[in-house]
Amino acid sequence: MGKRRGRRRARKLPDSPVDCLIEGLTTEGRGLVHINDKAVFVDGALPGEKVKIEYTASTSKYDEAKVLEVIKASNDRVEPPCQHANICGGCSLQHLNTDKQIEIKQTALIESLEYIGKVKADEILPVISGPAVGYRYKARLGVRYVAKKERVLVGFREKRSNFLALIDQCEVLDSRVGHKLSALSALIYGLDAREHIPQIEVAIDDKDVVLVFRHLEALSDSDLSKLVDFAKNENFVIMLQSGGPKTIQNLWPEDFKNLSYSLKDQDIHFDFDANDFTQVNPQINQKMINRVIDLLDIQPDEKVLDLFCGLGNFTLPLAQKGAHVIGIEGSQELVNKAISNATKNNITNAEFHAVDLSLKLEGQRWLGQTYDKILLDPPRSGAMEMIHYLGKLGASKIVYVSCQPTTLARDAGVLVNEYGYRLLSAGVMDMFPHTAHVESIAVFEKV
Ligand SMILES: C[S@@+](CC[C@H](N)C(=O)[O-])C[C@H]1O[C@@H](n2cnc3c(N)ncnc32)[C@H](O)[C@@H]1O
């Protein structure tokens, strides 16, 4: 990365500023214009806008620029809810109204399905949306002591940079943390270990805000007591992490057990730990689960496979409908927690297995049978290795939840063009407002 940045800097930038008319918007949320037959990606510009730009990087294939002045604004332009929207790389769409944000995400999904997967959905599902600010319950905050500025930066990277942005609040994070970045910065600045804390992991549940401080050196007694005071004053749970995830320990309160979230509509409760995968947006998660239940139309006594099941976030609600559900997940720790969550919720018709789904799966017992319905919710890389097994399991319906439309489209192409499924419907779920991330869902039916 460092090398690439170096090469880009070495290349002479075209003369700027330049006035131009923005032609389109990329899926990353940058304005697109062609100048002298070369694509220029412009941070902060919207389609149809006349803007004055300054070049920031140049490669042989394209240039990059940022807006210096909006000469004629788009009707879709809004005042960003966050004062740091222009510099912080966490969000790239804050200057675009939220309806339009959803529209471009939907277009990205439809176009990916069409161009990458060569498939078209019969129907576009209504968008699932929720609050556009304060929605994020999970985050990794970067921390860096900058001697020259005599301060500690806490937050996210600058746009297209490895440097942390100088921000003092974040509007998409739950405000209990998002509005405490300055306080965190001041706290760490006052620690002996201020140069040895690279990140804070944030995990919020139905009740508590947990901050896990990663530290590269042992903390002094004075640092420990400052952290405890901060936890008490700000009502945070603070944990310390000296090495890998297994080294995470409570600092305050000492007897903190675990986090937990509830799906109110199902009356199901999940225990989890701060570093476990959980969906970042609890409101959208509840709506997404309700939609998956509707779409799969589970009948009692059906056999259902839930791939990439994590803590059982979908598995337990599906099992509650009376189906026998088999959850498959790569992390043994998450599988153990899924089993314990099933027991705590008195759910006996769910079983879980730890399996790496990117490997060859011949000989796996759960693959040697057929299923009525299948749900999968893979990571961004999708389910390329798994999808060929999946096509042969006989399911009448497959619901695919995705956080990357391009890999969903690739896998959809395999199901439709090689295994005789039809893409009944697809749609977006606004899990990450103001960012360019697209969460989507697709429903396949065996023809
Ligand atoms: C997007 S998360 C979904 C988790 C769960 N469905 C939920 O809603 O909380 C993807 C899950 O896939 C798991 N995973 C990632 N790579 C995997 C692999 N190669 N094999 C099996 N599971 C994997 C992760 O541990 C994570 O739990």
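1. In the hairpin formed by strand 8 and strand 9, where 4 residues lie between the strands, E150 adopts a positive phi near 50°. Helices and strands are DSSP runs here, helices being H or I over at least four residues and strands being E over at least two, and both are numbered from the N terminus. Strand 8 (residues 138–146) pairs with strand 9 in the antiparallel sense over 5 bridges, and two strands are said to pair if DSSP finds at least two bridges between them. Within this pair, G142 stands opposite G155 of strand 9. Since 4 of the 5 residues of strand 9 (residues 151–155) are buried, that strand is largely enclosed by the rest of the structure. A residue is buried if 20 or more other C-beta atoms lie within 10 Å of its own, exposed if 12 or fewer do, and partly exposed in between, with C-beta atoms placed from the backbone.

2. A word on provenance: this is a predicted model, in which local features need pLDDT of at least 70 and side-chain atom pairs count only at pLDDT 80 or more, while totals for chains, interfaces and linings use all residues. Residues are numbered from 1 along each chain as its sequence is written.

3. Two further positive phi values deserve a look, each in a residue other than glycine. K118, with phi near 55°, is found in the loop between helix 2 and strand 7, and counts as exposed because it has 12 C-beta neighbours inside 10 Å. D301, with phi near 75°, is found in the loop between helix 6 (282–296) and strand 16 (303–307), and is likewise exposed, with 10 other C-beta atoms within 10 Å.

4. One joins S16 and P17, with omega about 10°, and P17 has its place in the loop between helix 1 (2–10) and strand 1. Another joins W252 and P253, with omega about -10°; P253 is in the loop between strand 13 (249–252) and strand 14 (259–263).

5. Which strands stand at the edges of the open sheet of 8 strands? The order of that sheet is 7-21-22-20-19-16-17-18, with mixed pairing, and the edge strands are strand 7 (123–124) and strand 18 (350–354), each of which pairs on one side only. Helix 2 (residues 98–115) packs on the sheet, touching strand 7, strand 21 (421–429) and strand 22, and its direction makes about 160° with that of strand 21. For that angle, axes are lines fitted to C-alpha atoms, for helices over the stretch in contact, and angles run from 0 to 180 degrees between N-to-C directions; two residues are in contact if their C-beta atoms, placed from the backbone, lie within 7 Å.

6. The pairings within this sheet can be followed strand by strand. Strand 7 and strand 21 run parallel and are joined by 2 bridges, with E123 opposite S425. Strand 21 and strand 22 are antiparallel over 8 bridges, and A426 has A442 of strand 22 as its bridge partner. Strand 20 (residues 397–402) and strand 22 (residues 439–446) are antiparallel over 6 bridges, V401 being partnered by I441.

7. There is also an open sheet of 6 strands, with the order 1-5-6-4-3-2 and mixed pairing. Strand 1 (18–21) and strand 2 (24–25) stand at its edges with a single partner strand each, so one side of each is left without a neighbour in the sheet. Strand 2 runs antiparallel to strand 3 (residues 31–35), joined to it by 2 bridges, and L25 stands opposite G31.

8. Around the ligand there are 20 residues, of which the closest are F308, G310, N313, G330 and L357; a residue is near a molecule or strand if its C-beta atom, placed from the backbone, lies within 6 Å of it. By class, this shell has 10 nonpolar, 7 polar and 3 charged residues, where Ala, Val, Leu, Ile, Met, Phe, Trp, Tyr, Cys and Pro count as nonpolar, Asp, Glu, Lys and Arg as charged, and the others, Gly among them, as polar.

9. As for the chain as a whole, its secondary structure comes to 10 helices and 22 strands, and 44% of its 447 residues count as buried.
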